[in-house]
Amino acid sequence: MGHPNRPTRASRRSDIARQARTTVLLFAALLPTACGSNAPADQSVTTSSVTTSAPLPSRTVTTAPGTSRAAATPTVDPYAGMPLIDHVEWIETVDGSRLRVYPTTAGRQTTFPGTDERAWQEVLAESPDADTPGMRDQFICHWIWARLVEPNKTSWNLEPWRPAVGYQATVDARCNPGGPER
């Protein structure tokens, strides 16, 4: 008989299956509208605990026709020393100020751990006014999810008027808490 405080193999498999279902549902929710799409968000925003750093989702690499495998996280940053953000620009919209963030090719392609924070520091170097919790959550949401859903989107829009609801609620709102992007 197993130890009472140790999870059984079945419960570990159940946890893995639950995490896989959650990931699939999240991708399914993001795919139809893409982060920052003009389509209205049909899901309500819920508040959950704040996460300061989110793991990158695994990417799939095609190895031969009809086969694929999960891409391994690189052990050496192939884009070390290269800028991840090309430039940023503030614009005024009907809703208020918006910071457009233009990632470089390296910023679109890197999967190296910690590059999200390195890229955010590049944004802040160009625009210190962006240093708010809500703007950071929007940026990390775009960094992790918009790059997967819409990898060639010209710019990512961060708005200071959006509520700071925490990272998970920002993801639940497709990177646009407080209402859809117009």
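I looked up Arg118 and found its side chain in a salt bridge with that of Asp77, at 3.6 Å from N to O. The model is predicted. This pair links distant parts of the chain, with Arg118 in helix H3 (residues 115–126) and Asp77 in the loop between strand E2 (67–70) and E3, 41 residues apart. Arg118 counts as partly exposed because its relative accessibility is 25%; Asp77, at 14%, counts as buried.

I then searched the whole structure and got 5 salt bridges. One of them joins Arg98 and Glu159, whose closest N and O atoms are 2.8 Å apart. Arg98 lies in strand E4 and Glu159 in the loop between strand E5 (156–158) and H5, so this pair ties together parts 61 residues apart in sequence. Both Arg98 and Glu159 are buried.

I also noted Arg136 with Glu117, a salt bridge of 2.5 Å, N to O. Here helix H4 supplies Arg136 and helix H3 supplies Glu117, 19 residues apart. Glu117 is partly exposed, with a relative accessible area of 29%. Shared partners join Arg98, Glu159 and Arg162 into one salt-bridge network.

Next I checked H4. I found 15 of its 17 residues buried, and a bend of about 35° at His142.

Last, I looked at Thr170 in helix H5 (residues 167–172). Thr170 counts as buried, at 1% relative accessibility. Its contacts beyond four places in sequence include Asp137, Gln138 and Cys141.

Conventions:
Residues are numbered from 1 along each chain as its sequence is written. This is a predicted model: local features need pLDDT of at least 70, side-chain atom pairs count only at pLDDT 80 or more; totals for chains, interfaces and linings use all residues. Side-chain values use heavy atoms; hydrogens and water are left out. Helices (H or I, at least four residues) and strands (E, at least two) are DSSP runs, numbered from the N terminus. Buried means under 20% relative accessible area, exposed over 50%, partly exposed in between (1.4 Å probe, protein chains only). Contact means heavy atoms within 4.5 Å. The bend at a residue is the angle between axes fitted to the seven residues ending there and the seven starting there. A salt bridge is a side-chain nitrogen of Lys or Arg within 4 Å of a carboxyl oxygen of Asp or Glu.
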